[in-house]
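Visitor: Hi! Could you walk me through how the pieces of this model pack together? I'd like to start with a helix pair.

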Amino acid sequence: MKKYVSIDIGGTAIKYGVIDESGSIVVKDKMDTEAYKGGPEILKKVTGIVAGYMDTYEPSGIAISTAGMVDVEKGEIFYSAPLIPNYAGTQFKKVLEEKFRVPCEVENDVNCAGLAESVSGAGVGSSVTLCLTIGTGIGGCILIDGHVFHGYSNSACEAGYMHMFDSDFQTLGATSILTKKVAARKEEREEKWDGYHIFEAAKAGDEVCIRAIDEMAEVLGRGIANICYVINPEVVVLGGGVMAQEEYLKPRIEKSLKGHLVPSIADKTKLAFAKHQNDAGMLGAYYNYQNRQCR
């Protein structure tokens, strides 16, 4: 059975492993991204990961999911936030194919997460799927009949930059903003209030945490509604670490979403939470590889 190296490059961690042609993860691991060291250092790490698997697994290809805007034809980064310096211009496909003599495909990490949910997760069978990842920022992906819609210049659904209330969607609705807000209102160190502790405190009745979460849910519902008016998705899939709090968050986001959508659209728009969690990037990278190699 053929095997493939799959690598998911995030701002904090690089998750990587080997996936067989049935889509099963054979082995996986992770390392710190050390994003501050920049694109050239990340390329070195990725090259080392692939080299470490070559003798044991003899992979038939390399699949990469990565932060940043990706030219999927060239397999390179053409724009990246300052979190990863000198990342734009990183030529993963060219460098890895020349070194290892196997095909390589590269896709944006949110697009990969959305593809994973569309193929084998919460969006299976959906004709039009909107996938949003809520974390340090907010990323978005549109899938039509199981295929990523990239837009004219590979920049479709950069939802985090959507203007809202003299600000933007991710500045108001990301998990990082939730922690900053709670810490500021309590006049305590931000390190004390990560997402987990905020939700635990809210469940115990902490009014500051409850209000901050409700405000986040309201922003998310409003932002999602705005996107729904444009693309009319069948399913909206929410991912990111904080979405592990589905039981607490879902009714709040649904209430906001329905409040901002006209009934004829609200009644036909399903809200779902991602199933693959930390494996979404690796699986989506593999699915993208197969889609592009089988064209």
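Guide: Happy to. This is a predicted model. On the α6 side, I198, F199, A201 and A202 make the contact, and they meet C209, I210 and I213 of α7.

Visitor: How many nonpolar, polar and charged residues does that contact of α6 with α7 have?

Guide: By class, seven are nonpolar, with no polar and no charged residues.

Visitor: And at what angle do the axes of α6 and α7 cross?

Guide: Roughly 115 degrees, with the axes coming within 7 Å. Here α6 covers residues 195–203 and α7 covers residues 207–231. That makes α6 roughly perpendicular to α7.

Visitor: Left-handed or right-handed, the crossing of α6 and α7?

Guide: Left-handed.

Visitor: What about α7 and α8, how do they pack?

Guide: The angle there is about 45 degrees, and the axes are 7 Å apart; α8 spans residues 246–260. That makes α7 oblique to α8. Their crossing is right-handed.

Visitor: Which residues of α7 and α8 meet?

Guide: From α7 the list includes I210, I213, D214, A217, E218, L220 and R222. Among their counterparts in α8 are Y248, L249, R252, I253 and H260. The residues of this contact divide into eleven nonpolar, three polar and four charged.

Visitor: Nice. Changing topic: what is the strand order in the sheet?

Guide: The order is β3-β2-β1-β4-β7, five strands in an open sheet with mixed pairing. β3 (25–32) and β7 (104–108) stand at the edges, each with a single partner strand, so one side of each has no neighbour in the sheet.

Visitor: How many degrees does the twist average from one strand to the next?

Guide: It averages 15 degrees.

Visitor: Let's zoom in on β1 and β4. How many bridges join them?

Guide: Six, and the two strands run parallel. β1 is residues 3–9, and β4 is residues 61–66. To give you a landmark, S6 stands opposite A63 in β4.

Visitor: Last one: which strands does α1 lie across?

Guide: α1, residues 39–57, lies across β1, β2 (13–20), β3 and β4. Relative to β1, α1 runs at about 160 degrees.

Methods. Residues are numbered from 1 along each chain as its sequence is written. This is a predicted model: local features need pLDDT of at least 70, side-chain atom pairs count only at pLDDT 80 or more; totals for chains, interfaces and linings use all residues. Side-chain values use heavy atoms; hydrogens and water are left out. Axes are lines fitted to C-alpha atoms, for helices over the stretch in contact, and angles run from 0 to 180 degrees between N-to-C directions. Helices (H or I, at least four residues) and strands (E, at least two) are DSSP runs, numbered from the N terminus. Angles under 35 degrees count as roughly parallel, over 145 as roughly antiparallel, 65 to 115 as roughly perpendicular and the rest as oblique. A crossing is left-handed if the near helix is turned anticlockwise from the far one by less than a right angle, and right-handed if clockwise. Contact means heavy atoms within 4.5 Å. Ala, Val, Leu, Ile, Met, Phe, Trp, Tyr, Cys and Pro count as nonpolar, Asp, Glu, Lys and Arg as charged, and the others, Gly among them, as polar. Two strands pair if DSSP finds at least two bridges between them.
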